[in-house]
Amino acid sequence: MGWEDAKGIKIVTKNFGVTDSHKLAIYSQRGGWSGFKKALAQPRATLVDEVKKSNLRGRGGAGFATGLKWSFVPKEARRVYLVCNADESEPGTCKDRELLAFDPHLLIEGMAISSYALRCEHAYIYIRGEMMREAKIVQAAIDEAYAAGHLGKEHGTAEGPFKLDLTLHRGAGAYICGEETALLNSLEGKRGWPRMKPPFPAIKGLFREATIVNNVETLMNIPDIVEKGGDWFAKLGTSKSGGTRIVCVSGHVKKPGVYELPMGIPFKDLIYDVCGGMSGSRPLKGLIPGGSSMPPLDASELEVPIEFDALMTDPRIKDVEVKPGVPFDMGGGRKLKTMAGSGGIVVFDESTDVVALCARIMKFYAHESCGQCTPCREGTGWLARVCTRLAKGEGRLGDVELLANIAVGIAGNTICALGEAAAWPMLGFLTKFRTDFEAKLAKAKAA
Amino acid sequence: MALEFSAQAKQQIERLLTRYPNKQAALLPVLHVAQDEFGHLPDEALELVAKTLELPPSHVFGVITFYTMFHRARTGANHLMVCTNVSCMLKGGYEILGHLERKLGVKKGETTPDGAFTIVEEECLAACANAPMMVCGTDYFLDLTPQKVDVILDDLKKRYEQRKLETKKGAS
Ligand SMILES: Cc1cc2nc3c(=O)[nH]c(=O)nc-3n(C[C@H](O)[C@H](O)[C@H](O)COP(=O)(O)O)c2cc1C
Ligand code: SF4
Ligand code: FES
């Protein structure tokens, strides 16, 4: 199915705009919890297969195939935990917060089904500490689900009795806790320091047991996959990415917002059709395609479909370079374009000081580095300082090359992907907007 | 003087402990309870939490200082968390921050002398499509303009004075 056909199909935002959509009565009235019933009648392996068939890919940033991830849980695992990552804090991303506020029961049902499929008896939702409003809403929803007997009560299933407990756990302000192993440490009452992988959480995660971490949006797709089938879901999307896609559009467009759209809609249609075009009279200069850790695109790259693989491989996107003519090597000769990431799309027009924008991004990652690895701790600090002085017109000769060198020194040399989250956009901004950086330097020299 | 949890907080902690396979895992939630109870987390609160969860105080200290939402010192009654990250920056987040600083006469990170407000410069607060924005407790203030900020401040200030009056009445 092309994306034109999938227009209008809503899965995770189907209850948006419905009065009191966060209440169980409304959720049930609209067909809620029937997926759970259907799931319990099936063997677990069938459910995992269905999710595999659906081509559902993780919506937290990496786009990893959900069914495949689930199948990594060892059959002999003593205990399995499911943890929902609701730590949303990647700059430019604002979908999970709205999903939690508008339809908490869809998440709870998705987690109940997933827990059954994974043999999890106690699941956790790790919600970002600052989201106090959403925490209240989700806790109220959990209480309702307990009272109704969906949670905390034994159900008969195709594989014997099943009972699920669900606990909401509030973070306390640390971006790095969105990284899944940092999140697990935080949930264990420790500092949110990422862990070395392997072992991967599916083998040894929360409390040293097999653990699956999935994003809010990922889990909210599960009830419809069970109800309507993996094939149906797969067909909605493109060849290797099933379903719809939520994007959060912000910046200089007429109608910013959170939209559930067909997988694979091109940026151009998103901006000029869905979002009503640019907000001012100035043309688009560029955009961040999936949260601030993803390399930006410039105005000539908007025909590309918004889909996981396309953003990594489409020839219409230029390779990110270390310096003009020298592509950045991610290892093994793999080139970097960009990634769909978290769905946070930040559009900026010609009036934007991209060097200042890039400096703000670098300041963020420097602030959020947990400090465990030297290349990340020192490198992100340097990126922030050098980029900031360039932005202020106080750059020094060689600063543009220095920034690229620092970024290359970080990428691939750290425990977690926060290092790349800073290095990639740095190189990306330098590649796509090099003249802006050089102009700043020229200004500094003239002064 | 050593601090104690109120009966209500104790009950809350009892409930929390049933949700985890060990006491340490309840640390973040219990710290939230403690901060709600005492307003901030001075040494006495830290020790109380450590004792309650049978953890070394040094571990509790390491955790408190890792997370930005736990405060060792007293802060304002209203935390104005203003986002200046990418989407907000593009739409005037820094202007909003500057306006707040001028209006309240304190800089980011500082608390007004009457204890009513603390200004916090925040990273992305996940409302980017409604930039610029700020959060205060469970309230989101979206699509801000300086004029909107003035109205919000007046309102928060009024509510703060009222609460103060009520606590005074309750105490006497
Ligand atoms: C620095 C960093 C921050 C992250 N923040 C988040 C986040 O806020 N929310 C999220 O769902 N995933 C985040 N992730 C991705 C998680 O590590 C993990 O891949 C994801 O939660 C898995 O869920 P999914 O497969 O459903 O996408 C982050 C990763 C990194 C490296
Ligand atoms: S890469 Fe950065 S954030 Fe990740 S573990 Fe290392 S120092 Fe911490
Ligand atoms: S950038 Fe300000 S809320 Fe996301």
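Analyst: When residues are sorted by class, Ala, Val, Leu, Ile, Met, Phe, Trp, Tyr, Cys and Pro count as nonpolar, Asp, Glu, Lys and Arg as charged, and the others, Gly among them, as polar. The model is predicted, so local features need pLDDT of at least 70 and side-chain atom pairs pLDDT 80 or more, while totals for chains, interfaces and linings use all residues. Residues are numbered from 1 along each chain as written, chains are lettered from A and ligands numbered from 1 in written order, and side-chain values use heavy atoms, without hydrogens and water.

Around ligand 1 there are 17 residues (each with a heavy atom within 4 Å), and by class this shell holds three nonpolar, eight polar and six charged residues. The closest are A:Gly60, A:Asn85, A:Asn214, A:Asn215 and A:Thr218. Strand β4 of chain A, residues 210-215, gives the shell its largest share, three residues (strands are DSSP E runs of at least two residues, helices H or I runs of at least four, numbered from the N terminus).

Oxygen atoms of ligand 1 take part in several pairings: one lies 2.9 Å from a polar side-chain atom of A:Asn85, one lies 2.9 Å from a side-chain N or O atom of A:Asn214, and one lies 3.0 Å from a backbone N or O atom of A:Glu180. Of the 610 Å² of accessible area that ligand 1 has on its own, the protein covers 88% (Shrake-Rupley method, 1.4 Å probe).

A:Glu180 leads on to helix α8 of chain A, residues 180-187, which is largely enclosed by the rest of the structure because eight of its eight residues are buried (under 20% relative accessible area). Besides A:Glu180, the buried residues of α8(A) include A:Thr181, A:Leu184, A:Asn185 and A:Leu187. Their cover includes α4 (66-71), β1 (80-86), β2 (120-127), β3 (165-170) and β4 of chain A, together with α2 (27-38) of chain B. After α8(A) comes A:Gly189, whose phi is positive, near 85°.

A:Ser89 is itself buried, with a relative accessible area of 9%, and a polar atom of its side chain lies 2.8 Å from the backbone oxygen of A:Asp87. Leaving out residues up to four places away in sequence, A:Ser89 touches A:Arg128, A:Tyr175, A:Phe364 and B:Cys124 (contact means heavy atoms within 4.5 Å).

Note on methods:
A polar contact is a pair of N or O atoms within 3.5 Å; within protein, one must be able to donate a hydrogen and the other to accept it, and residues adjacent in sequence count only if both atoms are side-chain atoms. Buried means under 20% relative accessible area, exposed over 50%, partly exposed in between (1.4 Å probe, protein chains only).
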